[in-house]
Amino acid sequence: MKLIRSGLILLLMSLHLTAFNQSKEISFSSPEWRFGNENHRIETFKGKECLYMEPGFAVYNGLDFKNGTIEFDVSFSETRQFAGVAFRRENDTNYEEFYMRPHQSGNPDANQYTPVFNGLSAWQLYHGEGYGAPFDYKFDEWMHVKLVVLEERMEVYIDDMDQPLIYVPKLKRAIRSGEIGFTTSRSYVRLANVKVNSSDKVTLKTPMKDEPKPETGTVLDWKVSSIISPVDFMEKVDQQSADLSALKWMDLKAEHTGTVNLAQAGARSKGKNAVIAKFRISSEEDQSKPFHIGYSDKVHVFCNGKLLYAGDNMYRTRDYRYLGTIGYFETVYLPLEKGENEVWMLVTEQFGGWGLRGMLGDVEGVSLNP
């Protein structure tokens, strides 16, 4: 009897694991879908039953997804738009996202992986290899997309299911289970054949590599303030009454590139769209040191309370093609005093990514402190 009972238990466990590792096909007719507007319908397009959706979103409530595969067919037109899939959704403003830019077909930024923190995408912070890749889209035709997600890594396939188009070595948000959904802006999208396999057993074809080490002089530990009005703060600077003591502070650590995603500090509101990020430098003597900076979108740099520099890196500020992506494009010279010094960066955000980088060009005779 014990042998029979053990055999039944093993059989049930086997059936459960088999079912768990099978892809679940999700019909858009399911009542579990939640739509962001009324401009959607079920229709047939080029032989496939599909969802036609104008700008908005569709979220599936009936599934928690952490690891596994997400597959779907997609069709869109050759217009300026952003059509994608959201996963590990915590809520409507916090999730991981991969989207396609049809109007950039064939270009290096034809598509994009980005985290979304507090409703703010971060394409200006994360670009190039590991975040997007060139792809020639077919317009008003079906294309097949597959995401393979395992812990902090992801592969993205489009049409070619043998070779990943993009390998993301490190997803930026914390690993968690969450909803899946689809988004589109500026134009319509059609979606069909959605299949989701929630499983910790998936494998990635791309081998894991150690993350590069930060460059010498990179500021890795920052104190970041609560969200403030940049206009109000700069008025106090002009009046020589700026005071940081009333602000609340959180610790944020930079990535190996030096980038800090400031959207983690909280949600912006009208008039309040800036934070102060600060760190300390100990200097062996009075000296001047080059400080390489990157920021999005605007910055004011202070050393020991004195304003040194103001810059604007917003989208299209330098020419009509300028994207405002972050990088070490500017250098400020810090007038350090012997002993402890404090550097502030007031960083203001409009859209596209809220972040900063900082790196000392010469570390002789100085040491960094959070």
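Four strands form an open sheet in the order S17-S24-S19-S22, with antiparallel pairing; strands here are DSSP runs (E, at least two residues) numbered from the N terminus, and two of them pair if DSSP finds at least two bridges between them. The structure is a predicted model, in which local features need pLDDT of at least 70 and side-chain atom pairs count only at pLDDT 80 or more, while totals for chains, interfaces and linings use all residues. Residues are numbered from 1 along each chain as its sequence is written, and side-chain values use heavy atoms, leaving out hydrogens and water.

At the edges of this sheet are S17 (260-261) and S22 (330-336), each pairing on one side only. Seven bridges link S22 to S19 (residues 287-296) in the antiparallel sense, and Lys289 has Leu334 in S22 as its bridge partner.

A further open sheet has six strands, ordered S2-S5-S13-S7-S8-S9 with antiparallel pairing. S2 (33-35) and S9 (111-116) each have a single partner strand, so one side of each is left without a neighbour in the sheet. S2 runs antiparallel to S5 (residues 56-65), joined by three bridges, and Phe35 stands opposite Ala58 in S5.
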